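Here is a short report on one protein chain. Keep the model open beside the text and find each part as it comes up.

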Amino acid sequence: MFTPIRRRARRAALALSAAAALVLGTTAANGAPADPAPAKQGPTSVAYVEVNNNSMLNVGKYTLANGGGNVFDVAVIFAANINYDTGTQTAYLHFNENVQRVLDNVATQVRPLQRKGIKVLLSVLGNHQGAGFANFTSQQAASAFAKQLSDAVAEYGLDGVDFDDEYAEYGSNGTAQPNDSSFVHLVTALRANMPDKVISLYNIGPAAARLSYGGVDVSSAFDYAWNPYYGTWQVPGVALPKSKLSPAAVEIGRTSPATAAGLARRTVDEGYGVYLTYNLDGSDRSADVSAFTRELYGSEAVHTP
């Protein structure tokens, strides 16, 4: 959980960062681009970064040879966790030391991406403790966790939240099994808390299968939904327009360039608007990245160390 004293210290540091940005004539502290790369035409490209091992800054090192636009439009911090406090029997938002390091250093790890026009999301993942997005037993409990999420987005100046319902181990520590109302209440509350931020869905797990309850369908509350199975094509079963869906999913460095290119070509040919990638590391992956940028944008990718 957050520690109030540490939160005050972080807020002070972030306030100084915001003030400095204003002095410099930028608005990067709230996620708005100060010096964005040239616009590009084509699908939105997403990069998940395993921050236990890699830097978020890697996302900003790739541009298109033709026109200089960013290869990636969305960078995802992977991952915070939904944990369970057995004493209070409540779920809480947890940051491991590597995620916390990114958040404590948003001025150097997040703002440079936002200044380029890249949105930065916080992915939230189960943590083997029984707490998950699909087993809140009351609307009040779901809303309380939604507030933790929106508070974190506001505190660190992020652009939104990504839901990944894996590894919850529902039932552990005496927790409830998934129910039909939980995720609907959670997403509804989160969207109300942050109407202008991004909410995305990694289309997996019990939560992703429970998007409707009591006459409320939260599909339209998501900005994006994507296929979670790398190297495959699978249209997410979410009622969103094609422009917000990624049936393609690739793991950079493991999915073959030929497969990545084929999935990108199909994305364009079938009119989908998002292309998902995972595990961008610090190596020069321009060959792997170019395999899909040629199909998505008609350009090679350039890596700048």
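## Ground rules

Helices (H or I, at least four residues) and strands (E, at least two) are DSSP runs, numbered from the N terminus. This is a predicted model, in which local features need pLDDT of at least 70, side-chain atom pairs count only at pLDDT 80 or more, and totals for chains, interfaces and linings use all residues. Residues are numbered from 1 along each chain as its sequence is written, and side-chain values use heavy atoms, with hydrogens and water left out.

## The whole protein

The protein has 9 helices and 15 strands. It contains 305 residues, and 54% of them are buried. Buried means under 20% relative accessible area, exposed means over 50%, and partly exposed lies in between (1.4 Å probe, protein chains only).

Now look at contacts, meaning heavy atoms within 4.5 Å. Take those between residues at least 6 apart in sequence: 77% join residues at least 24 apart.

## The nonpolar cores

A nonpolar core is a set of buried Ala, Val, Leu, Ile, Met, Phe, Trp, Tyr and Cys residues joined through side-chain atoms within 4.5 Å. In soluble globular proteins, nonpolar side chains tend to be buried together. The largest core here has 77 residues. Phe72, Ile77, Phe145, Phe163, Phe183 and Phe222 touch the most other members. Helix H5 gives the most to this core, with 7 residues. A second, separate core has 17 residues, including Val46, Phe78, Tyr202 and Tyr224.

Phe145 shows what such packing looks like. Not counting residues up to four places away in sequence, Phe145 touches Ile82, Ala91, Tyr92, Leu93, Val124, Phe133, Phe136 and Leu186.

Asp164 is found in strand S6. Is Asp164 buried or exposed? Asp164 counts as buried because its relative accessibility is 1%. Beyond four places in sequence, Asp164 touches Phe78, Ser123, Val124, Leu125, Gly126, Phe133, Tyr202 and Ile204. Asp164 and Leu201 are 37 residues apart along the chain, with their C-alpha atoms separated by 6.6 Å.

Leu103 sits in helix H2 (residues 97-104). It is buried, with a relative accessible area of 1%. Leaving aside neighbours within four places in sequence, Leu103 is in contact with Ile77, Phe95, Tyr156 and Leu158. Leu103 and Glu155 are 52 residues apart along the chain, and 9.3 Å separates their C-alpha atoms.

The expected span of a helix is 1.5 Å times one less than its number of residues. Helix H6 (residues 182-193) has 12 residues and should span 16 Å; its end C-alpha atoms are 17 Å apart, which agrees. H6 is largely enclosed by the rest of the structure, because 9 of its 12 residues are buried. Among them are Phe183, His185 and Arg191. The buried residues of H6 pack against helix H5 (139-156), strand S6 (160-164), strand S7 (198-202), helix H7 (205-208), strand S8 (212-213) and strand S9 (216-217).

Just after H9, Gly298 takes a positive phi of about 65°.

## Pocket and cavity

Both are found on a 1 Å grid over the protein atoms alone. A cavity is a set of points where a 1.4 Å probe fits but cannot get out. A pocket is an open set with protein on both sides within 12 Å along at least five of seven lines. Lining residues have an atom within 4 Å of a point. Grid points are joined across faces, edges and corners, and a volume is the space filled by probe spheres set on the points.

The largest pocket has a volume of about 310 Å³. Its lining has 19 residues, of which Tyr84, Gln89, Thr90, Ala91 and Phe136 lie nearest the centre. H5 supplies the largest share of this lining, 4 residues.

There is 1 cavity of 30 Å³ or more. The largest cavity holds about 40 Å³ of space. Val250, Glu251, Ile252, Gly253, Thr255, Ala260, Asp288 and Phe292 line it. Strand S13 (248-251) and H9 each supply at least two residues of that lining.
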